[in-house]
Amino acid sequence: MNPIINGEFDVWQLGANFGSSLNHLQKLADRWNYDFNGTAGTAWVDKVVVQDWAKFPGFSAENGIRVNMVTAPQYNTFQDLSTQIEGVETLAGETVTISFYATYYSGEPPLLTAVKTEQYFGSGGQPSAPAFTTSCPIQLLHGAGVWRRYSVTATLDSVLNKVKGTEKDDTLNIIFTLPLNCKFDIGITWV
């Protein structure tokens, strides 16, 4: 079961190009957001078409998301690409694997700071604090333009005896923490 909606980045109802100035919790491809806590730097976030020459048996993605950080941001302790799955109880207490394909387009292969889950209990009232799982950093392999599969495994907390907020906005968040405070040019698809 894959509860992630638009993990193949096929739907872009707000547009397919988001240039230079990104805001906090910027909406991108449907169900995907970008956020940071320092300065934004200058980035181009676009829908990328996976070229036929880049496909291989077992990988035939049509689209992905490309984040091209052309001016390094500063002072960030997180710089995230994330998606939300409705309902904090989704997969609660279970071991999950988050797999994805990634590539880079120029320079040295970047280091993804982490892939995280956040069980967010919502807002309003007195909800329980979010529960996080965080992977170790993921070094992309050499080969600009070559899509490769990466995965992390996490065990989500139980939500038994936890309190949800009153606003009915609780979620399970999947978060890619991008390289911090540096330039990079990365593509992600098939999450």
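Modeller: One term before we start: two strands count as paired if DSSP finds at least two bridges between them. Also keep in mind that this is a predicted model.
Colleague: Okay. In what order do the six strands of the open sheet come?
Modeller: The order is β2-β3-β6-β13-β9-β10, and the pairing is antiparallel.
Colleague: Which ones are the edge strands?
Modeller: Those are β2 (26-27) and β10 (131-134), each of which pairs on one side only.
Colleague: And what holds strands of a sheet together in general?
Modeller: Strands of a sheet pair through backbone hydrogen bonds, and the pairing can be parallel or antiparallel.
Colleague: Can we zoom in on one pair? How many bridges are there between β3 and β6?
Modeller: Five bridges, with β3 covering residues 32-36 and β6 covering residues 79-86.
Colleague: New topic: cysteines. How many disulfides are there?
Modeller: The count is zero. A disulfide needs two cysteine sulfur atoms within 2.5 Å. For Cys-136, the closest cysteine sulfur is in Cys-182, and that is 17 Å away, so it's too far for a bond.
Colleague: Is Cys-136 buried or exposed?
Modeller: Cys-136 is exposed, because its relative accessibility is 56% and the cut-off for exposed is over 50%. Cys-182 is partly exposed, at 29%.
Colleague: Let's switch to threonines. Where is Thr-90?
Modeller: Thr-90 is in the loop between β6 and β7 (95-104). Thr-90 counts as buried, with a relative accessible area of 15%.
Colleague: Which backbone atoms does the side chain of Thr-103 reach?
Modeller: The backbone nitrogen of Gly-145 at 3.2 Å, and the backbone oxygen of Val-146 at 2.9 Å.
Colleague: What else does Thr-103 touch?
Modeller: Not counting residues up to four places away in sequence, its contacts include Leu-140, Trp-147, Asp-185 and Ile-186.
Colleague: Great, thanks!

Terms used: Residues are numbered from 1 along each chain as its sequence is written. This is a predicted model: local features need pLDDT of at least 70, side-chain atom pairs count only at pLDDT 80 or more; totals for chains, interfaces and linings use all residues. Side-chain values use heavy atoms; hydrogens and water are left out. Buried means under 20% relative accessible area, exposed over 50%, partly exposed in between (1.4 Å probe, protein chains only). Helices (H or I, at least four residues) and strands (E, at least two) are DSSP runs, numbered from the N terminus. A polar contact is a pair of N or O atoms within 3.5 Å; within protein, one must be able to donate a hydrogen and the other to accept it, and residues adjacent in sequence count only if both atoms are side-chain atoms. Contact means heavy atoms within 4.5 Å.
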